Amino acid sequence: MLHRFEAPVLYGVVGLSTSDGKCLESSMSSFEDYMRCAYGWTGTLVARAPSWLTDVIETASAHSAEMTLGDIEGRFCTSLVQSCGACPLVLVACKPDHLLERAARKEFEGTERAKFEGTERAKPEWGATKGYLAVVYHLREYVVWHEALHLLDAEDCYDETGRAVSECDDPDCLMRFGTTKKTCLCSPNRKRIEKTLRCIGNRGLGNEEEF
Ligand SMILES: [Zn+2]
Ligand SMILES: [Zn+2]
């Protein structure tokens with residue numbers, strides 16, 4: 001049986017306080033407003049994840065300390081598809097020392113990105129996204145937006161040394177490294193977001209036709 005989710009993008013906190021939850025809620029709500037203004041999105045785009053769903057993510061992350069974010073995302077998606085017939089896009093905020101944060105670091109271990117992020121200039125690390133699952137462990141509004149945009153298929157606009165890539169045509173693009181401005185995206189990423197929103201709009205709330 002297909003489960004109908006409240007919105008295409010769900011969000012929640014894992015092991016964080018109520019005030020952190022409020023901060024995430026207001027960031028996601030302003031993100032939805034932005035999608036309405038900038039991309040003409042109508043209807044609901046984001047909603048708070050039910051606690052059973054964040055529990056699934058917690059359980060998946062606690063399976064083994066050796067897992068990468070991709071491993072956790074795989075377990076999460078499999079579990080959701082088995083129980084609900086669909087998997088929503090989910091953004092979770094956690095503490096910097098949570099298993100999810102460790103798994104996110106593991107995901108990029110040994111890569112050029114990890115070498116760069118291990119440098120002083122790159123600290124603190126903020127969050128990561130893999131497929132259907134985004135994790136934020138430095139809870140700031142622009143970080144939430146950056147990872148939420150990844151969920152909607154936006155790509156990073158920086159190379160392994162943190163420099164902007166040549167395709168990025170907006171110096172304030174939110175997908176560049178260290179950009180804290182919120183409302184700017186370069187044209188390649190705007191196109192990606194438009195395409196994703198069209199797909200989500202066509203298949204309707206809850207991804208029901210996709211899986
Ligand atoms: Zn990114
Ligand atoms: Zn860009």
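This is a predicted model: local features need pLDDT of at least 70, side-chain atom pairs count only at pLDDT 80 or more; totals for chains, interfaces and linings use all residues.
1. Overall layout. The chain holds seven helices and five strands. Read from the N terminus, the order of elements is β-α-β-α-α-β-α-α-β-β-α-α. Of the 211 residues in the chain, 36% are buried.

2. Contact range. Take the contacts in the chain with a separation of 6 or more. Residues 24 or more positions apart account for 65% of these.

3. The core. The largest nonpolar core has 55 residues. Val9, Val90, Leu91, Val135, Val136 and Ala148 have the most contacts inside it. At least two residues of this core come from each of β1 (9-14), α1 (18-39), α2, α3, β3 (89-94), α4 (99-107), β5 (133-136) and α6 (141-151). As background, nonpolar side chains tend to be buried together in soluble globular proteins.

4. Val9. What does Val9 contact, leaving aside its neighbours within four places in sequence? The partners are Leu45, Val46, Leu89, Leu91, Ala148 and Leu151. Val9 is also among the residues with the most contacts inside the core.

5. Helices α2 and α3. Two packed helices are described by the angle between their axes and the distance between the axes. Helix α2 covers residues 51-61 and helix α3 residues 69-84. Their axes are 9 Å apart, at an angle of about 135°. An angle over 145 would count as roughly antiparallel; α2 and α3 are therefore oblique to each other. Their crossing is right-handed. On the α2 side, the contact is made by Val56, Ile57, Ala60 and Ser61. On the α3 side, it is made by Ile72, Arg75, Phe76, Ser79 and Leu80. By class, this contact of α2 with α3 has six nonpolar, two polar and one charged residues.

6. Helices α3 and α4. The axes of α3 and α4 cross at roughly 120° and come within 7 Å. Leu69, Gly70 and Ile72 of α3 meet Leu100, Ala103, Ala104 and Glu107 of α4. The residues of this contact divide into five nonpolar, one polar and one charged. Ile72 of α3 is listed in this contact and in the contact with α2.

7. Burial of α4. Which residues of α4 are buried? They are Leu99, Leu100, Glu101, Ala103, Ala104 and Glu107.

Key
Residues are numbered from 1 along each chain as its sequence is written. Chains are lettered from A and ligands numbered from 1 in the order in which they are written. Axes are lines fitted to C-alpha atoms, for helices over the stretch in contact, and angles run from 0 to 180 degrees between N-to-C directions. Helices (H or I, at least four residues) and strands (E, at least two) are DSSP runs, numbered from the N terminus. Angles under 35 degrees count as roughly parallel, over 145 as roughly antiparallel, 65 to 115 as roughly perpendicular and the rest as oblique. A crossing is left-handed if the near helix is turned anticlockwise from the far one by less than a right angle, and right-handed if clockwise. Two residues are in contact if their C-beta atoms, placed from the backbone, lie within 7 Å. Ala, Val, Leu, Ile, Met, Phe, Trp, Tyr, Cys and Pro count as nonpolar, Asp, Glu, Lys and Arg as charged, and the others, Gly among them, as polar. A nonpolar core is a set of buried Ala, Val, Leu, Ile, Met, Phe, Trp, Tyr and Cys residues joined through C-beta atoms within 7 Å. A residue is buried if 20 or more other C-beta atoms lie within 10 Å of its own, exposed if 12 or fewer, and partly exposed in between; C-beta atoms are placed from the backbone.
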